[in-house]
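Here are my notes from going through this one. Have the viewer open while you read.

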Amino acid sequence: MSNSIFESLESEVRSYSRAFPKTFSKAVGTEIWSVDGRRYLDFLAGCGSLNYGHNPPELKEPLIEYITSDSITQGLDMQTSAKERLLQVLADNVFRPRNLDYVVQFTGPTGTNAVEAAMKLARRVTGRTNIVCFTNGYHGVSIGALAATGNQYNRGAAGLPLVGTTFMPYDGYVSGDFNSLEYFSQLVGDKSSGLDYPAAVLVETVQGEGGLNAASMEWLKQLQKICNEKEILLIVDDIQAGCGRTGTFFSFEPAGIYPDMVTLSKSFSGYGLPLSAVLLKRSVDKWKPAEHNGTFRGNNHAFVTAAAAIECFWSSDIFSAEVEAASWRVDTWLARMVTKFEGDVVKLKGRGMMRGLQCADPAKAARITEMAFDHGVIIERSGPEDEVIKLLMPITTSAEQIDEGLDILEYCCQQVFSSNNDEVIKVVAEERVLQHVM
Ligand SMILES: *Cc1c(COP(=O)(O)O)cnc(C)c1O
């Protein structure tokens, strides 16, 4: 392990491979196998980029067919039959049923590219610089988006001053009755508040990386109202919470709001293929041709799978109801664990199929996820101190697999919370591992 090619040849910047130090070679649905033949339940799911699981057959077949028929693969923003189909499918199954009049800007392939484009356009349209973002927000690590990301560790690597943003307290950030939006509204309305009048507000409805803080629907409605009244653009970053993660295609649907821009990435292709877009209200689409350019703004393979995903999962309300049922199941497990481990587990976090357990001791949260991995469940953590055990399994995960994974998680919590001795925890972990090897 210590002299693996990954450790000797890959940059120190590598991240997830450190927490899950196995080499993986095969995956189907929620299951993933390492080269040594071990089966894992993947409750990380490409950090939310595999909402429909690994290699979903409904998406794989059209992709294989597309490739074998010598269809277009390059990524320049030419007109292709694959892009034509995705735009049509989006119009018919996503925009029209929801009464959304959006145009689609395809950006570079990663989430941060979409955020960068949205921030740039907001500034260009309004002629203002400042973008209001929120405590614990995460929007990516390129310089513009990083300025809107709260995490000090990520910000510290910028190498440049991060400018053009102001952080406001997110819903629930300040304890007690404090209304963070009244505060925001007052600052915007006060010519002496020191807040540069914002071009836009950039917000996640559930803060995925920031610790699974979920904004209430009331809060989101009020935010929309303030933005409308003050003529500030509202950008919802739905990169992690969108594409069904919270039960509806867009995470903001239950709030009934209509953002000026929406960023999509992670599960947009549905297949783990890189694909990002900004949805723009027609009135804000003030770009001039090629003003914001890029070579890879059209991953045709991702267009094929994205269109198939939308047709397969979002052409009716059936799938939404299934995700709801799965969320209810996860919720029931976690609520029980919050009671059972009272004191050690402080809070149930998140919404829909992005839920987590906030632990009182971040070190214990770390031991729990480490132990879960030894027992065959891939689970990551998030939050300011990585204190939240974060469940991000595919939203298609079966009831049996939810039960299997959460049973293991509960066992690991039990072991770690009932022992203060690292050695004991390690031995117990090894014993369980032996039982689980197939
Ligand atoms: C992951 C994420 C991003 C950044 O996407 P990358 O593809 O990692 O650049 C931006 N916003 C949110 C909400 C995310 O979860």
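1. Residues are numbered from 1 along each chain as its sequence is written, and side-chain values use heavy atoms, with hydrogens and water left out.

2. The average pLDDT (the predictor's confidence in each residue, from 0 to 100) is 95 for the chain, and 95% of the residues score at least 70. Residues 432–438 fall below 50, yet this stretch has 13 contacts beyond near neighbours in sequence; contact means heavy atoms within 4.5 Å. Where pLDDT is low, the predicted coordinates should not be read in detail.

3. Domain 1 takes in 4–56 + 318–437, and domain 2 takes in 58–313; the bounds come from an automatic or database domain assignment. Their C-alpha centres sit 27 Å apart, with 31 residues of domain 1 touching 32 residues of domain 2.

4. Now look at helices α13 (residues 362–374) and α14 (residues 399–417): their axes come within 9 Å and cross at roughly 135°. Helices here are DSSP runs (H or I, at least four residues), numbered from the N terminus. Axes are lines fitted to C-alpha atoms over the stretch in contact, with angles from 0 to 180 degrees between N-to-C directions.

5. Which residues in α13 meet α14? They are Lys-364, Arg-367, Ile-368, Met-371 and Ala-372, and their partners in α14 include Leu-409, Tyr-411 and Phe-417.

Definitions and conventions
This is a predicted model: local features need pLDDT of at least 70, side-chain atom pairs count only at pLDDT 80 or more; totals for chains, interfaces and linings use all residues. Helices (H or I, at least four residues) and strands (E, at least two) are DSSP runs, numbered from the N terminus.
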